[in-house]
Amino acid sequence: MKKFSFLVLLITICFMLNVYSFTVDAETVSLKVYNWQDYIDDGTDDNGNIVSTPVIDMWIEDYKARTGITVEVIYDTFETNETMLNTLKTGKSEYDLVCPSDYAIQKMIKDDMLEKFDTTKLPTYNKYGSPYLKELFEQNNWTEYSVPYMWGTVGLLYDPEVYSDELVSSWDIMWNKEYENLATTKDSVRDTYFVGVMHVYQEELQDLRKQYLDGTITKEYYNKQVNIIMNRTDEDTLRLVEADLKIMKENIFGLEVDSGKSDMVTGKISMNLAWSGDAVYSMDLAEEEDDKILAYSVPLEGSNVWYDGWVMPKGANVELATDFVDFLSKPEIAVLNMNKIGYTSAIAGEAVLEMIDDWYGAESEESAVEVDLTYFFGDTVECDEDGRVMVTVDEHYIGRQFSAQYPDYETITRCGVMEDFGDQNQAVLEMWANFKSNELTPLTWATVIVLAVLALVWMVRSGIKQRNRRLHIRH
């Protein structure tokens, strides 16, 4: 009887251990994230040394404290939206959370590639998300499918010792023969194409702006028309833009993918078509290393407001992905990410306001400039008696880092959101191929010449070696 009781007890213990083991396994889950390179705070300094807890680890600890569940985050990165889309479409890799750019998000929604967010489970984002970005997403029916992460504008990064503020207030400067071979533009059909569109329809855009400023048309109508013009891809527009871009290409130094931000710092070029985050990086680096001042301008004809946002591909762990996104929406976490990557978070709140004061606050009353950022912060912070959110900034950063990160309301009004090319995608790509293949740019010519010289040197040296070898054999 005792042996039987002992056996029963042993079996019971083994069963309990198995149940416990199964429970532990069940309490460990994974979240697969696919993001741009260097696009989240990883806890390292500029030299790659770990100096703080990475944001991902913070969330893992926070989630376990709230739920008792351990999460393993599998984190991969991509370099282009096209790479990301191809990866997802092949089906070889599955992700719970991805961070594409605006047009890629639009395409993914159109192709029914995404799960929907339950916005009631995003309390932190609902509280601290910028009213401007939230309204933008609502207007375009993106709210169900995406949560904005970072955003900004496209403009001209320039050397103010070479260009006046008036010159860079128009896209005309890219075609100005007096400044030949000094600027680069993006080797990107989307970014350079819209510049061509804004230049081709410059008079129409200027007329709209004039009507808006004198009160003839509303802000909403003005912004809508800018958006419509920016996204024109009809055959006539493609023909006009191709011809115009070919003229521009003869005037610029060349096309670049990522080198422009460093070329501006070294002085290789004096103007670059830049994303606002890259512009901030260049301005900071130039000032820190060479005490050199660079500036940033969004031309008056208008420009592009871009954004990157979180989406959940079909089959994603919706609950886990949503929790991670909401954690990233904490203002103090947004500050950590901004401090690391240099781009502007879609999150507002007091912590972000304090960061602006810390980074850009006026050093004296004489240098203080008040800027109205009500459109961005709204009710996420305490407003003044007039219901506004005013920030006091040192004039040194106006037209530079601060203006790149937080453009004023007037600048935002003249900017539109680029849309997916849709059925005209192939036609636009053909136009771009024609533009790039027509002529060699100065940058390409320089590369060809260097390669030719190197080849000549190699041939001469090879000839000398062969001659010496023959002489050696003869003797």
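## The second largest pocket

In this predicted model, four elements each contribute at least two residues to the lining of the second largest pocket: the helices α6 (131-139), α9 (219-230) and α18 (409-413), and the strand β15 (415-416). Helix α9 provides the largest share of that lining, with 7 residues. The space within the second largest pocket amounts to about 540 Å³.

In total, 24 residues line the second largest pocket, and those nearest its centre are Y132, L136, Q139, K219 and N223. Sorted by class, the lining comprises 12 nonpolar, 7 polar and 5 charged residues.

## The largest nonpolar core

The largest nonpolar core contains 136 residues, among which F377 and F402 touch the most other members. Strand β5 (residues 147-158) supplies the largest share of this core, namely 8 residues.

When residues up to four places away in sequence are not counted, F402 touches I356, Y360, V371, L373, V391, V393 and Y397.

## Confidence in the model

The average pLDDT of the protein is 90, and 87% of the residues score at least 70.

Where pLDDT is low, the predicted coordinates should not be read in detail.

Notes: Residues numbered from 1 in each chain as written. Predicted model: local features only at pLDDT ≥ 70, side-chain atom pairs only at ≥ 80, totals over all residues. Heavy atoms only, no water. 1 Å grid on protein atoms, 1.4 Å probe; cavity = no way out; pocket = protein on both sides within 12 Å on 5 of 7 lines; lining within 4 Å. Points joined across faces, edges and corners; volume = space filled by probe spheres on them. Nonpolar A, V, L, I, M, F, W, Y, C, P; charged D, E, K, R; others polar. pLDDT = per-residue confidence, 0-100. Core = buried A, V, L, I, M, F, W, Y, C linked by side-chain atoms within 4.5 Å. Buried < 20%, exposed > 50% of the residue type's maximum accessible area, 1.4 Å probe, protein only. Contact = heavy atoms within 4.5 Å.
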